[in-house]
Amino acid sequence: MFDLVVIGAGPGGYVAAIRAAQLGLKVACVEKESALGGTCLRVGCIPSKALLQSSHLFHQAKHGLARHGIKVSGVELDLGSMLRRKDTVVKTLTKGVEGLLAKNKVERVNGLGRIAGPGQVQVGERTLECKHILIATGSVPSFFAGMEVDYDRVCTSTEALNFKTVPQHLIVIGGGVIGLELGSVWGWLGAKVSVVEFLDRILPGTDLEVAAAAQKIFEKQGMEFHLGQKVTSARSQGEVALVETESGLRLEGDRVLVAVGRKAYFDGLGLEEAGVKTERGKVVVDEHFRTNVAGLWAIGDCIPGAMLAHKAEDEGMAVAEFIATGYGHVNYDAIPAIVYTHPEIASVGLNEEQLKERGVPYRKGTFPFLANGRARSQNETDGMVKVLAHTETDRVLGVHILGPSAGDLIAECVVAMEFSASSEDIARVCHAHPTLSEVVKEAALAVDGRAIHM
Ligand code: FAD
Ligand code: NAD
């Protein structure tokens with residue numbers, strides 16, 4: 001008899017399993033794939049970041065080193081080796097999760113898990129009896145009628161992590177996170193990249209000023225954008241792939257990446273038979289991740305909220321703690337979001353549009369990387385930091401960063417928000433010189449109109 005059976009070994013599921021085991025529960029983790037780690041480790045965060053790093057290095061070697069006085073010639077792409085390095089990174093990390101489960105005495109069960117009844121999970125011939133079941137089955141790509149995905153010429157992110165040749169013309173449907181990250185990868189490697197986006201802006205949810213500034217940078221890098229275009233058809237036709245939009249735009253390329261969002265995955269899980277309530281394709285949970293069925297819990301991409309690995313992980317920790325101790329909590333107001341393009345885009349808290357919509361009075365401080373010594377030394381001066389703070393209390397309500405290492409710089413702002421810091425608090429903290437983090441300090445000073453270096 002297990003205390004907890006977790007279905008799905010993505011960042012939500014495997015973290016929950018480990019935390020529950022740390023707290024003394026007897027735990028099993030069921031995963032249908034042979035490798036652990038879920039979307040994130042196998043076909044998401046990790047392989048995409050490995051390729052972003054490699055492809056950007058290639059582009060730098062070809063075009064970025066001369067500015068530093070380094071002459072190189074004969075730079076060549078060995079795509080096979082690049083893809084193999086990515087696969088090695090993935091393999092090392094997925095094996096690492098295997099080791100972590102073993103170290104924590106979590107029993108790993110390989111196969112499709114089906115909820116067979118209260119406290120019962122069926123995996124093949126075996127029935128796992130348990131007190132609690134955690135659904136952490138994650139998500140898969142979604143697409144619309146008219147998008148004829150053949151997982152080859154018209155494909156999803158999974159295939160776009162593994163193209164065996166660099167496309168000549170990659171058409172990306174969706175100017176969201178996946179479209180921009182994987183569009184960047186193949187763009188750095190030499191493809192022409194056209195992004196077709198339904199909205200009149202890229203990166204919905206991101207602060208508009210930041211997203212617009214990012215778009216200009218991506219355009220300078222060679223990406224082409226067709227905004228306000230609803231794709232109604234995408235199909236392959238022999239050697240070409242065709243994309244058509246409602247308003248009559250017609251694009252022809254050799255590859256199409258469909259990146260229009262993801263949907264929760266429940267195939268074979270027996271969710272309906274178990275009587276679990278869903279809404280808009282996701283499991284409904286209360287603030288403690290309880291579903292409507294006693295003993296059944298859910299976290300990660302398959303419940304509402306941002307589809308992010310660290311959100312799934314934090315929910316995994318919280319649900320395990322709640323089951324074991326009766327207390328567990330996630331602060332959804334301080335979950336960072338990062339787009340790993342070059343430069344990166346990172347944010348936490350509310351953006352300007354949301355503050356206006358809610359009628360919250362705020363002051364804004366911005367500071368450009370152009371005026372930062374370290375950014376100049378690195379030759380990475382594009383972008384800015386924006387700090388938004390409450391007009392009366394000065395409490396930080398949101399921080400938005402476009403620039404070098406934005407994904408690392410945001411960590412300080414997340415901590416600040418967790419501790420309900422004011423912009424004055426950030427401004428008075430000593431930031432080492434010369435570092436990129438001084439841009440965060442200057443933006444915080446700018447909230448009160450007293451940035452030093454502008
Ligand atoms: P998943 O990681 O999807 O894991 C669910 C697991 O459950 C899977 O392994 C699946 O095989 C298994 N499963 C499903 N049903 C069953 C069943 N019935 N029985 C047994 N096993 C089952 N997020 C970030 O925060 N940062 C990033 O940089 C980032 N990059 C991404 C890049 C790409 C290309 C993609 C596609 C996603 C990216 N994400 C990123 C999103 C991130 O991968 C997800 O938010 C995260 O993986 C969700 O974790 P999860 O545990 O909820 O689900
Ligand atoms: P997304 O929601 O970020 O972007 C999808 C885009 O497609 C939207 O801008 C939408 O307006 C557009 N779109 C929808 N239908 C369209 C149509 N018919 N024609 C043209 N455009 C259309 O989704 P995604 O990029 O597929 O990413 C899926 C999820 O994966 C996201 O929720 C994201 O959180 C997660 N992810 C995160 C990271 C990261 O954290 N760095 C990286 C990759 C993926």
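Predicted model: local features only at pLDDT ≥ 70, side-chain atom pairs only at ≥ 80, totals over all residues.
**Before you start**

Local features here need pLDDT of at least 70, side-chain atom pairs count only at pLDDT 80 or more, and totals for chains, interfaces and linings use all residues. Residues are numbered from 1 along each chain as its sequence is written, chains are lettered from A and ligands numbered from 1 in the order in which they are written, and side-chain values use heavy atoms, with hydrogens and water left out.

**Stop 1: the domains**

Colour the protein chain by domain: domain 1 is 2–141 + 263–330, domain 2 is 154–260 and domain 3 is 337–447. The bounds come from an automatic or database domain assignment. Taken over C-alpha atoms, the centres of domain 1 and domain 2 are 27 Å apart.

Now show the interface of these two. Contact (heavy atoms within 4.5 Å) links 17 residues of domain 1 with 15 residues of domain 2. The pair buries about 1400 Å², with 74% of it on carbon and sulfur atoms. Select Val43, Leu52 and Leu79: in domain 1 they lose the most area to domain 2, together 30% of what that side buries. Buried area is the accessible area (1.4 Å probe) that two parts lose on being put together, summed over both.

**Stop 2: ligand 1**

The shell has 40 residues, and Glu31, Thr39, Lys49, Gly113 and Ala309 come nearest. By class, 17 are nonpolar, 16 polar and seven charged. Here Ala, Val, Leu, Ile, Met, Phe, Trp, Tyr, Cys and Pro count as nonpolar, Asp, Glu, Lys and Arg as charged, and the others, Gly among them, as polar.

Which helix gives the most to this shell? H2 does, with five residues. Helix H2 spans 38–43, and helix H3 (45–64) and helix H8 (309–325) are among the other elements that each supply at least two. Helices (H or I, at least four residues) and strands (E, at least two) are DSSP runs, numbered from the N terminus.

Next, the polar contacts, pairs of N or O atoms within 3.5 Å. A nitrogen atom of ligand 1 is 3.5 Å from a backbone N or O atom of Cys45. An oxygen atom of the ligand sits 3.3 Å from a polar backbone atom of Met307. The side chain of His310 has an N or O atom 3.3 Å from an oxygen atom of ligand 1. Alone, ligand 1 exposes 1000 Å², and the protein buries 95% of that. Accessible areas come from the Shrake-Rupley method with a 1.4 Å probe.

**Stop 3: ligand 2**

Move to ligand 2. Its shell holds 25 residues, with Ile178, Glu181, Glu197, Gly261 and Ile338 the closest. Of the shell, 16 are nonpolar, four polar and five charged. Domain 1 and domain 2 each give at least three residues. Helix H6 (residues 177–188) gives the most, with three.

Check the backbone N or O atoms: one of Ile338 lies 2.8 Å from a nitrogen atom of ligand 2, and one of Val231 lies 3.0 Å from a nitrogen atom of the ligand. Met307 returns here, with a polar backbone atom 3.0 Å from an oxygen atom of ligand 2. The protein covers 81% of the 850 Å² of accessible area that ligand 2 has on its own.

**Stop 4: backbone details**

Go to Pro343, in the loop between strand S20 (337–339) and strand S21 (344–349). The His342 to Pro343 peptide bond is cis, with omega near 0 degrees.

Then select Pro434, between helix H12 (423–428) and helix H13 (438–447). The peptide bond from His433 is cis here too, with omega near -5 degrees.

Finish at Lys105, in the loop between helix H4 (79–103) and strand S3 (107–110). Although not a glycine, Lys105 has a positive phi of about 60 degrees.

How values were computed
Near = heavy atom within 4 Å. Polar contact = N/O pair within 3.5 Å; in protein donor to acceptor, adjacent residues only side chain to side chain.
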